[in-house]
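Biologist: Before we discuss individual residues, could you show me the sequence together with the model?
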Amino acid sequence: MGERISNDPRIDPRIKALFAAPDLPPQGDVADRETYLAEVNSPEAVAREAMSTAFFDNFDNETVAPSAGLLTRTETFTSQPDGNTIKVQFIRPDTKDVVPCVVYFHGGGMQTMSAFNGMYRSWGRIIAAQTGAGFVRGVFESDPTSCGYTTVIGTEDYLVADLVV
């Protein structure tokens, strides 16, 4: 865990204990696209991602984040001109009132986790239920063999912002 987190008195000690594992080393650059694709699609990398997803999905339950009193809808859009899929989820209090909105832009660099992992699904419900605000998140789902994430992050951001406004 980073020194900033471990020394921050505002962070619950239980959270610090959960994330007490040593920091991962920086990823750095890759030799070329084919090398990167081979690394991220290796059986070991696929297994690590599945384990991470299963861990964070444990947080997505009605005890942690009840959905009572909330409306949730997920829509899928196709970006133009590249034709990639963008999935956007809206969570809001079950009311006709206009409410403020929190827009979450996942910072995974299109290579780590997803805004739709269980932890983020719960987080959206918690924010909407406890604040009375809407919660919107989007995720760009490109072909995992395309490695196009470095050129399309703005596409997701602008689409989500346009839908909210």
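Biologist: Is serine 114 buried or exposed?

Modeller: This is a predicted model, in which local features need pLDDT of at least 70 and side-chain atom pairs count only at pLDDT 80 or more, while totals for chains, interfaces and linings use all residues. Residues are numbered from 1 along each chain as its sequence is written, and side-chain values use heavy atoms, with hydrogens and water left out. Buried means under 20% relative accessible area, exposed over 50% and partly exposed in between, with a 1.4 Å probe and protein chains only. Serine 114 has a relative accessible area of 18%, so this residue is buried.

Biologist: What is the arrangement of the rings of tyrosine 120 and tryptophan 123?

Modeller: Rings of Phe, Tyr and Trp (its six-membered ring) pair if their centres lie within 6.5 Å, and planes under 30 degrees apart count as stacked, over 60 as edge-to-face and the rest as tilted. For tyrosine 120 and tryptophan 123 the centres are 6.5 Å apart and the planes stand at 70 degrees, so the pair is edge-to-face.

Biologist: Which charged residue has its end over the ring of phenylalanine 116, 4.3 Å from its centre?

Modeller: A charge sits over a ring if NZ of Lys or CZ of Arg is within 6 Å of the ring centre and within 35 degrees of the ring normal. Arginine 137 lies over the face of phenylalanine 116 at 5.0 Å from the ring centre, whereas the residue whose charged end sits 4.3 Å from that centre is lysine 87.
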